[in-house]
Amino acid sequence: MQVEPIEVLDFIRRFPPFGELPEETLSWVASQIEIGYFKAGTQILEFGQEVDALHVIRSGAVEVFRRNGDLYNRLSEGGFFGEFGLMRNKKIRFPAKALEDTLIYFVPEAVFTQLFEQFEQFADAVEIEDRTRLRQAVSRREDANELMTSRVSALISREPVMMTSEVTVQQAAQKMTEESISSLLIMHSDNQVSGSPMAGIITDRDLRTRVVAAGLDYATPVADIMTETLISIEANQYVFEAMLTMLRYNLHHLPVMQRNQPIGVIAISDIIRYESQNSLFVVSSIFRQQTLEELKALVPDVRACFVRMVNEDANSHMVGSAMAVIGRSFKQRLLELGEEKFGPPPVPYCFLALGSMARDEMLIVTDQDNAMILDDAFNPQQHDSYFKSLAEFVSDGLDACGYTYCTGKIMATNTQWRQPRQVWVDYFNNWIDNPSAEGLLHSSIFFDLDGVWGKTTWADQLNDMIVRKAQRSPRFLACMSRNALNRTPPLGFFKDFVMEKDGRQNNTINMKRRGTAPLADLVRVHALASGSTARNSFERLDDIIKTDSLPRGRGQDLRDALEFISMVRIRHQALSIQNGEDPDNNIAPEALSDFERKNLKDAFQILSNAQKFMKFRYQASR
């Protein structure tokens with residue numbers, strides 16, 4: 001429907017994002033606008049619908065929703081919507097419905113794009129509202145995901161059922177039958193002292209495998225068959241954190257605590273309705289496989305899981321954590337199969353994950369970084385053939401499952417990275433006390449370590465030693481800082497993108513090498529200086545912000561930059577998989593939307609400024 005340009009002009013000059021445009025531009029915009037009418041209750045935009053215009057409300061009222069049906073915003077005269085779809089992939093992300101009889105002005109996509117590219121104040125108005133561009137982009141993603149905003153307490157449907165450790169397995173089974181529950185918390189008796197009131201937990205599976213299948217007498221005390229090493233979660237933590245805990249420890253039931261008292265137990269079935277990406281099922285499947293060939297067959301499921309998480313608006317922490325848990329699970333199952341093949345280990349050991357897997361920042365394009373800590377009783381002549389065979393079995397298996405060999409040979413197959421505990425202590429002491437180019441390179445890899453199998457407490461002890469020693473070593477921090485400045489963001493003098501010039505990847509940006517990696521390096525230095533024992537970059541930033549070691553607001557800026565750069569990289573990989581291509585880290589700027597290019601430059605500028613501050617903070621030029 002056509003409309004009088006003069007009437008439109010008088011209206012749009014009163015409201016953002018048009019108010020500060022030149023008069024001649026406003027006249028041109030007014031001449032391009034069409035009008036539509038929607039009765040109260042009419043759906044104006046559906047999720048996933050193609051969008052070809054910015055929608056401006058001339059009169060009436062409109063409600064905008066999240067994809068899960070929650071109300072996102074309510075708009076009236078002068079309000080606009082549909083801009084996020086126009087700036088992304090021309091698909092509606094936030095559905096809209098007419099609350100009242102409503103007239104809408106349609107600003108064509110070509111007009112919107114020209115205004116967005118030509119006028120900074122217009123771009124700011126449609127992006128910023130009352131926040132920075134980058135913060136708005138990141139918060140929209142965070143707000144849109146239930147896993148990050150729902151508390152574990154919301155999953156509890158009843159109080160926990162509990163019995164003391166003196167009861168028999170038959171009494172426990174009868175109680176579980178009466179209450180129609182699949183798990184039972186076992187509590188310490190009144191005369192026992194413990195940091196936790198819970199002694200353990202039993203489940204339906206325990207009764208099947210540890211009692212019936214084992215032929216135990218039904219009068220057996222429940223304490224003899226319960227799981228004593230309890231993993232629990234606090235009621236105020238997020239559903240996402242509960243999901244990751246169950247993933248990481250392969251749990252089916254998770255006690256929920258409040259003020260050191262159990263207030264409920266959640267099961268996998270409680271998580272599933274919040275977890276549509278099926279990463280729980282992938283992990284469960286990994287541990288059911290009996291051969292390497294069966295594990296290899298799960299690779300398509302891992303890729304599908306990754307793509308689903310991206311399409312369901314998971315943020316980078318969620319994607320990175322879930323992929324890391326899946327990667328750990330492959331390692332753990334391969335180590336189980338390896339010990340079945342080669343027999344029990346001759347001395348205790350700990351298998352380490354390094355780098356992005358240890359930081360819970362793993363994506364679908366990754367190689368394997370791993371190592372072994374061996375007991376100090378290790379004798380190379382007597383024991384090394386076993387551990388070499390086990391390391392080769394695991395590394396070959398990981399490569400077959402999509403985790404390619406490390407080109408730098410940072411793997412347990414390398415004798416240098418398969419050493420006794422004391423040798424590892426000596427490694428770290430030397431790297432910190434005598435920082436060399438090679439030692440700094442190793443520090444940037446091995447200072448992110450996580451025990452995934454065996455004596456995992458050894459990894460925790462090494463982490464504690466690293467943090468304590470590094471925090472007291474300003475010379476080492478200065479060297480680490482200088483080393484972290486070797487990779488810079490891809491911005492030129494006029495803030496244009498600087499492209500790679502290396503053959504097949506010519507005229508692209510490597511989002512890992514020039515984005516997420518230098519950010520992780522920078523955060524690691526600040527974390528070591530602040531004494532943080534966290535490994536994940538976002539968790540490290542939380543600790544750094546608490547120390548006030550960064551200028552006010554810079555910590556949040558770094559969080560936003562890391563999130564946005566990571567998500568551009570993640571979406572690029574997911575799109576490649578969907579298009580049947582091999583995913584990588586190299587993105588051509590022209591493949592990005594105007595919205596992404598603009599915010600990516602903001603994120604890279606934050607990284608550049610943070611590197612300059614780090615150089616000053618640790619006097620890295622010395």
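Trainee: Which residues form one aromatic cluster?

Mentor: The model is a predicted one, and the structure holds 26 aromatic pairs. One aromatic cluster is made up of Trp417, Trp424, Tyr427, Phe428, Trp431, Phe446, Phe447 and Phe476.

Trainee: Is the pair of Trp417 and Tyr427 stacked or edge-to-face?

Mentor: The ring centres of Trp417 and Tyr427 are 5.7 Å apart, and the planes meet at 70 degrees. Planes over 60 degrees apart count as edge-to-face. The pair of Trp417 and Tyr427 is therefore edge-to-face.

Trainee: How many residues apart in sequence are the parts that this pair ties together?

Mentor: Trp417 belongs to the loop between α16 (380–400) and β17 (418–420), whereas Tyr427 belongs to helix α17 (residues 421–433). The pair therefore ties together parts whose separation in sequence is ten residues.

Trainee: Is Tyr427 buried or exposed?

Mentor: Buried means under 20% relative accessible area. Trp417 has 2% and is buried. Tyr427 has a relative accessible area of 18%, so Tyr427 is also buried.

Trainee: Which element gives the largest share of the lining of the second largest pocket?

Mentor: The second largest pocket has a volume of about 1100 Å³. Of its 46 lining residues, Asp367, Asp369, Arg487, Lys512 and Ala517 are closest to the centre. Elements giving two or more residues are α15, α18 (437–446), α21, α22 and α23. The largest share, seven residues, is from α21.

Trainee: How far apart are the end C-alpha atoms of helix α23?

Mentor: Helix α23 (residues 554–578) has 25 residues, of which 19 are buried, so the helix is largely enclosed by the rest of the structure. At 1.5 Å a residue, helix α23 should span 36 Å. The distance between its end C-alpha atoms agrees with this, at 36 Å.

Trainee: Which residue just after α23 takes a positive phi?

Mentor: The phi concerned is about 75 degrees. The residue that takes it, just after α23, is Gly580.

Conventions: Residues numbered from 1 in each chain as written. Predicted model: local features only at pLDDT ≥ 70, side-chain atom pairs only at ≥ 80, totals over all residues. Heavy atoms only, no water. Helix = DSSP H or I, 4+ residues; strand = E, 2+ residues; numbered from the N terminus. Expected span 1.5 Å × (residues − 1). Buried < 20%, exposed > 50% of the residue type's maximum accessible area, 1.4 Å probe, protein only. Phe/Tyr/Trp six-rings, centres within 6.5 Å; stacked < 30°, edge-to-face > 60°. 1 Å grid on protein atoms, 1.4 Å probe; cavity = no way out; pocket = protein on both sides within 12 Å on 5 of 7 lines; lining within 4 Å. Points joined across faces, edges and corners; volume = space filled by probe spheres on them.
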